[in-house]
Amino acid sequence: MSNSRTLAPFACDPDLSRGRRYVEPLSETRSAFQRDRDRIIHSQAFRKLEFKTQVFVYHEGDNFRTRLTHSLEVSQIARTVARVLGLDEDLAEALALAHDLGHTPFGHAGEDALQDMTADVGGFDHNAQSLRIVTKLERRYYRFEGLNLSWETLEGLVKHNGPLTGFPGARPLPLAIVSYAQKDDLELDTFASAEAQVASLSDDIAYNNHDIDDGLRAGLFTIDDLTDVPLVGPVFAEVKAEYPDIDTSVHIHESVRRLIGLMVSDLIGETKRRIAQFAPGSVDDVRRLGQPLVAFSPAMRQNDTTLKAFLFQHMYRHYKVNRMASKARRVVKDLYALLLHEPECLPPEWQALCDGSGKPGTARVVADYIAGMTDRYALDEHLRLFDLQEKP
């Protein structure tokens, strides 16, 4: 199905997709990338994001972001930017919706714990886990494992932060990516498409701003604490000057709304400047440019770095967040240690995938099982396995 909009010459054209690993008939009503987006939305892993931590564990408040609401915010920004730049909105949206599928329960605390526990069997990486989910772990189709997504979607999922190989200081590839790359060349030494780059920076815009929102509403820091943060402080001051009697909640919302607008405008402006400078004529020109085509201006990159440092100090390392993160790490490590050595405690369908107590194959199965848990399920499973008063 042809895209009804005129795409830029360097955009990913769904009619020219490199296809799927398993050949399927084309849809009469949807482009290849629309189909990918729909498969992601209907996946079990996507639904679970509703009860996976962004910063606050699900039971800490109904108004805080989860991985699901975060992914929806990223997709909204990505579609806006892609439309203005003449890119394929559906691919940008699909990548925005899929980018966090591989996250463990309890956010980065859970991932750090699982990485520690699996260090001797290849470790754990949430980007690699996202690839593993969409190519293997989702079981919805008779003919193949995974979702059988288009090559461009898989490429963007793996490389949205840039090339993985072929440059000084490149880190060893996670096992899930190594394993898949043996079957399908995702050109790991090049940049991803402009759509993937848009999704990546839309992620930055979304989480920076919703973490300001959530952090303020949770009382981890105050509007006054933001006064000296470049870009952010002046915007909050501007809103207060315009509306001196503004309610605090509305003050936060209006300021965050403006901040998102400023960052989106900067991203579009800098990317248009780069498009004019480099004049890419195809998506392969974007991949082989040697630097990102989609980017913030130098000033906005500095603002972004400063804001991240503020949030790290005042939010991600706040003692209240640290206490919950400490509990979360213990839950994940307890579950992993027990299930690795007692795989008979796993549900039958997971037991069948194991190769014995303490074995590397069992370690990967247990990591997949835990990574797929929601916060709520992990807490309940921990109670079932460790509290003698709980029914198993």
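**Before you start.** This is a predicted model, in which local features need pLDDT of at least 70, side-chain atom pairs count only at pLDDT 80 or more, and totals for chains, interfaces and linings use all residues. Residues are numbered from 1 along each chain as its sequence is written, and side-chain values use heavy atoms, with hydrogens and water left out.

**Stop 1: helix α14.** Select residues 319–341, which form α14. Helices here are DSSP runs of H or I with at least four residues, and strands are E runs of at least two, numbered from the N terminus. α14 has 23 residues. From first C-alpha to last it reaches 33 Å, close to the 33 Å expected at 1.5 Å a residue. The expected span is 1.5 Å times one less than the number of residues.

Now colour its buried residues: V321, M324, A325, A328, V331, V332, L335, Y336, L338, L339 and L340. Buried means under 20% relative accessible area, exposed means over 50%, and partly exposed lies in between (1.4 Å probe, protein chains only). An α-helix has 3.6 residues a turn, so residues three or four places apart point the same way.

What covers the buried residues of α14? Show α5 (107–117), α13 (298–316), α16 (360–371) and α17 (375–386), which are among the covering elements. Contact means heavy atoms within 4.5 Å.

**Stop 2: α14 against α16.** Axes are lines fitted to C-alpha atoms, for helices over the stretch in contact, and angles run from 0 to 180 degrees between N-to-C directions. α14 passes α16 in a right-handed crossing. A crossing is right-handed if the near helix is turned clockwise from the far one by less than a right angle, and left-handed if anticlockwise.

Show side chains for V332, L335, Y336, L339 and L340 of α14, and for T362, A363, V366, A367, Y369 and I370 of α16; these make the contact. By class, the contact of α14 with α16 has 10 nonpolar residues, one polar and no charged. Ala, Val, Leu, Ile, Met, Phe, Trp, Tyr, Cys and Pro count as nonpolar, Asp, Glu, Lys and Arg as charged, and the others, Gly among them, as polar.

**Stop 3: α5 and H103.** Move to α5. Its buried residues include G107, A109, G110, E111, A113 and L114. The cover over the buried residues of α5 includes α3 (67–85), α6, α14 and α16.

Next, select H103, in the loop between α4 and α5. Is H103 buried or exposed? H103 is buried, with a relative accessible area of 2%. Beyond its neighbours within four places in sequence, H103 contacts K52, R67, H108, E111, H126 and A371.

**Stop 4: α4 against α7.** Select 89–98 (α4) and 151–159 (α7), which pack at an angle of about 45° with axes 10 Å apart. α4 and α7 are therefore oblique to each other. Under 35 degrees counts as roughly parallel, over 145 as roughly antiparallel, 65 to 115 as roughly perpendicular, and the rest as oblique. The crossing of α4 and α7 is right-handed. L91, L95 and A98 of α4 meet E152, T153, G156 and L157 of α7.

**Stop 5: K159.** Stay on α7 and pick K159. K159 is buried, with a relative accessible area of 1%. Outside four places in sequence, its contacts are L186, E187, L188, T190, F191 and A192.

Stop 6: Most residues other than glycine have a negative phi. N148 has a positive phi, near 55°, and A279 has one near 45°. N148 is buried, at 5% relative accessible area, whereas A279 is exposed, at 56%.
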